[in-house]
Amino acid sequence: MAVRERLRNATAQIHEGLHGAAPFARIAAGTLDRTGYIELLLFLYRYHSAFADICAAGAARLDVPVLAGAHRARLEALKA
């Protein structure tokens, strides 16, 4: 099993739990307005930016550059 798949499996319960968090639940319900969505994207960008160096170092240590690439892609998508 690939490292990325193992990581996904290890964090699946946490990831699924986030679907119940207020902003994500409001997205699912169709009740999050544009301002709320922008605030959520900004929060996610700040969150993922804070871990950028840690993710890159971990990916390098594990010799799995695809993990660092995936994180960089997420940051770029949030920045857009």
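## Basis of the model

Residues are numbered from 1 along each chain as its sequence is written, and side-chain values use heavy atoms, with hydrogens and water left out. Because the model is predicted, local features need pLDDT of at least 70 and side-chain atom pairs count only at pLDDT 80 or more, while totals for chains, interfaces and linings use all residues.

## Overall fold

The protein chain contains five helices and zero strands (DSSP runs numbered from the N terminus: helices are H or I of at least four residues, strands E of at least two). Its pattern along the sequence is α-α-α-α-α. The C-alpha trace spans about 40 × 25 × 15 Å along its principal axes.

## Packing against H5

The axes of H4 and H5 come within 7 Å and cross at roughly 160°; axes are lines fitted to C-alpha atoms, for helices over the stretch in contact, and angles run from 0 to 180 degrees between N-to-C directions. H4 is therefore roughly antiparallel to H5 (angles over 145 degrees count as roughly antiparallel, under 35 as roughly parallel, 65 to 115 as roughly perpendicular and the rest as oblique). The crossing of H4 past H5 is left-handed, a term for a near helix turned anticlockwise from the far one by less than a right angle. In this contact (heavy atoms within 4.5 Å), Ala52, Cys55, Ala56, Ala59 and Leu62 of H4 meet Pro65, Leu67, Ala68, His71 and Leu75 of H5. These residues divide into nine nonpolar, one polar and no charged, where Ala, Val, Leu, Ile, Met, Phe, Trp, Tyr, Cys and Pro count as nonpolar, Asp, Glu, Lys and Arg as charged, and the others, Gly among them, as polar.

For H3 and H5, the axes come within 9 Å and cross at roughly 150°, which means that H3 is roughly antiparallel to H5. H3 also passes H5 in a left-handed crossing. Leu41, Leu44, Tyr45, His48 and Ser49 of H3 make the contact with His71, Arg74, Leu75, Leu78 and Lys79 of H5. By class, five of these residues are nonpolar, three polar and two charged.

## Packing of H2 on H3

Helix H2 (residues 22-29) packs with H3 at an angle of about 135°, and their axes are 11 Å apart. The two helices are therefore oblique to each other, and their crossing is left-handed. Pro23, Phe24 and Ile27 of H2 make the contact with Tyr37, Leu40 and Leu44 of H3. The contact residues comprise six nonpolar, no polar and no charged.

## The largest pocket

The largest pocket has a volume of about 1,200 Å³. On a 1 Å grid over the protein atoms alone, a pocket is an open set of points with protein on both sides within 12 Å along at least five of seven lines, and lining residues have an atom within 4 Å of a point. Grid points are joined across faces, edges and corners, and a volume is the space filled by probe spheres set on the points, the probe being 1.4 Å.

The lining consists of 26 residues, with Leu7, Thr11, His15, His48 and Arg74 nearest the pocket centre. Two or more lining residues come from each of helix H1 (3-18), helix H3 (34-50), helix H4 (52-62) and helix H5 (65-79). H1 gives the most, with nine residues. By class, the lining has 16 nonpolar, six polar and four charged residues.
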